[in-house]
Amino acid sequence: MPTSSVLVVEDSEIDQVIAKYMFNKFDENLEVLQAFDGVEALDILKGTHPQPIFIFLDINMPRMNGHDFLKAYESSDLNSSSIVMLTSSCQPQEKEKCLAYNSVKRYLTKPLEIADLEGLFKTS
């Protein structure tokens with residue numbers, strides 16, 4: 001039975017599969033929720049209690065990208081999760097822009113690795 005959850009917000013099905021595999025390998029009791037854009041992520045958060053420990057968020061997505069999601073998320077009452085940017089962008093200005101949001105705790109580049117998860121969950 002899952003003891004806690006994470007939400008992966010990513011439009012790439014392949015990246016979703018990889019992330020879910022890594023989470024299951026890290027902790028088989030961790031529930032992995034999945035959204036393919038920011039709109040779907042907000043809908044999932046509205047119906048999820050307790051809120052996920054972490055939201056792993058991509059930047060470039062259709063309908064609502066990562067930055068638009070962050071603006072909506074931080075102005076909502078659903079903002080109890082820590083956000084980890086999980087993106088292919090390694091541009092310093094992009095990282096700086098993301099880390100300026102209060103809810104963003106880490107900025108990771110793909111692919112997600114077990115060592116990343118160990119570090120995150122150790123400090124949460």
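This is a predicted model: local features need pLDDT of at least 70, side-chain atom pairs count only at pLDDT 80 or more; totals for chains, interfaces and linings use all residues.

Biologist: Why is Asp 37 called buried?

Modeller: Its relative accessibility is 7%. Buried means under 20%, so with 7% Asp 37 gets that label.

Biologist: And what makes the link between the side chains of Asp 37 and Arg 63 a polar contact?

Modeller: The distance is 2.8 Å. The cut-off for a pair of N or O atoms is within 3.5 Å, and one must be able to donate a hydrogen and the other to accept it. At 2.8 Å, the pair counts, so we call it a polar contact. The side chain of Asp 37 also has a polar atom 2.9 Å from the backbone nitrogen of Val 39.

Biologist: Which residues does Asp 37 touch, if we skip those up to four places away in sequence?

Modeller: Val 9, Met 61, Pro 62, Arg 63 and Met 64.

Biologist: Back to Arg 63, then. Is Arg 63 buried or exposed, and how do you know?

Modeller: Exposed means over 50%. Arg 63 has 64% relative accessibility, so it counts as exposed. You'll find Arg 63 in the loop between β3 and α3 (66-74).

Biologist: What stands out about the phi of Arg 63?

Modeller: Phi is near 60°, a positive value in a residue other than glycine.

Biologist: Where are the cis peptide bonds that join His 49 to Pro 50 and Lys 110 to Pro 111, and what is omega there?

Modeller: Omega is about 0° for the bond between His 49 and Pro 50, and about 0° for the one between Lys 110 and Pro 111. Pro 50 lies in the loop between α2 and β3 (54-57), while Pro 111 is in the loop between β5 (104-109) and α5 (114-123).

Biologist: What makes a set of residues the largest nonpolar core here?

Modeller: Members must be buried nonpolar residues, joined through side-chain atoms within 4.5 Å. The largest such set has 22 residues, and those touching the most other members are Leu 7, Val 9, Ile 55, Leu 57, Phe 69, Ile 83 and Met 85. At least two residues of this core come from each of β1 (4-9), β2, α2, β3, α3, β4 (82-87) and β5. There's also a second, separate core of 16 residues, with Ala 19, Leu 30, Val 32 and Phe 54 among them.

How values were computed:
Residues are numbered from 1 along each chain as its sequence is written. Side-chain values use heavy atoms; hydrogens and water are left out. Buried means under 20% relative accessible area, exposed over 50%, partly exposed in between (1.4 Å probe, protein chains only). Contact means heavy atoms within 4.5 Å. Helices (H or I, at least four residues) and strands (E, at least two) are DSSP runs, numbered from the N terminus.
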